Amino acid sequence: MSQSNSVNPPGGAFTPSTSPEMPDTSNGSVQELPGEPEFPNLNEPAMPGIGVEGLPTPSLPAEPEFPNLNEPAMPGIGPEGLPTPSLPSMPQIIRPQPSQPSCPPGGCVPVCPAGYTLRMVQNNQSFTDLLIANNVSYNAMRAANPELPTTRISPGTRYCAPPSGSRRMCAFGSRSYVMSQGETLYTLTRTLGVQAARLLELNPSLAPGDFLPGRVICVP
């Protein structure tokens, strides 16, 4: 047995129930219900406000500019600027120049020591002919003229002829010397500035009394 959802008013007919009516306003218009609030889309970026109460748009810091590491550093500007470094200069390469001959054949005149004679090679004269003509040994001629060739000497070549009878060559680091008139072992120590022991050492075959004028000796 079903139950009725409505109650009949006393003394009246049954009236089916309908939707409730909205109350009347003062001006007779129907009052509207407030709609659902609109929420912002959280996936979209926030927009700045409008008006006095609007928030300012935040500005993002700019990305710093890094220098190009492939370019050379430039000096700073102002008193705090760094000075420009100076590169070391390239070392100068000095190439040796070819040496010129000290005395070309027949060109320059050699300087002969005291007691030696400056002479000239004649036609068809050989080195042996010079030794015979000047009565000197091979070693004595070579010591006085180290640049004089021993074969095929050109005519007109100048050379220093040792004193007649010279037979020996002085040791390395010494030279030949012809004693002049009035010179002795003791006068040579003063004029040459050497000790008597050094002169006797360079002339081992001579005694102190053998140092006479005209003798060829070895001096430093």
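How many bridges join strand 3 to strand 4, and do these strands run parallel or antiparallel? In this predicted model, for which local features need pLDDT of at least 70, side-chain atom pairs count only at pLDDT 80 or more, and totals for chains, interfaces and linings use all residues, strand 3 and strand 4 run antiparallel and are joined by four bridges. Residues are numbered from 1 along each chain as its sequence is written, and side-chain values use heavy atoms, with hydrogens and water left out.

The protein contains four helices and four strands, where helices (H or I, at least four residues) and strands (E, at least two) are DSSP runs numbered from the N terminus. Read from the N terminus on, the elements follow the order β-α-α-β-β-α-α-β. Of the 220 residues of the protein, 18% count as buried, a term that means under 20% relative accessible area, with exposed meaning over 50% and partly exposed in between (1.4 Å probe, protein chains only).

Two strands are taken to pair if DSSP finds at least two bridges between them.

On a 1 Å grid over the protein atoms alone, a pocket is an open set of points where a 1.4 Å probe fits, with protein on both sides within 12 Å along at least five of seven lines, and lining residues have an atom within 4 Å of a point. The second largest pocket holds about 170 Å³ of space, and of the ten residues that line this pocket, Ala143, Ala144, Ser174, Arg175 and Ser176 lie nearest its centre. The lining divides into seven nonpolar residues, two polar and one charged.

A search of the whole structure finds one disulfide, defined as a pair of cysteine sulfur atoms within 2.5 Å. This disulfide is formed by Cys112 and Cys160, whose sulfur atoms are 2.0 Å apart. Cys112 lies in the segment before strand 1 (117-120) and Cys160 in strand 2 (residues 158-161), so the pair ties together parts that are 48 residues apart in sequence. The torsion about the S-S bond is about -90°, and the disulfide is therefore left-handed. Cys112 is partly exposed, at a relative accessible area of 21%, whereas Cys160 is buried, at 2%.

One aromatic pair is likewise found in a search of the whole structure; rings of Phe, Tyr and Trp (its six-membered ring) pair if their centres lie within 6.5 Å, with planes under 30 degrees apart counted as stacked, over 60 as edge-to-face and the rest as tilted. The ring centres of Phe127 and Tyr138 are 5.3 Å apart and their planes stand at 70°, so the pair is edge-to-face. Because Phe127 belongs to helix 1 (residues 127-134) and Tyr138 to helix 2, the pair ties together parts that are eleven residues apart in sequence. Phe127 is buried, with a relative accessible area of 3%, while Tyr138 is partly exposed, with a value of 43%.

Positive phi values occur in residues other than glycine at Asn124, near 65°, and at Asn135, near 55°. Asn124 is found in the loop between strand 1 and helix 1 and counts as exposed at 78% relative accessibility, while Asn135 is found in the loop between helix 1 and helix 2.

Terms used:
Points joined across faces, edges and corners; volume = space filled by probe spheres on them. Nonpolar A, V, L, I, M, F, W, Y, C, P; charged D, E, K, R; others polar.
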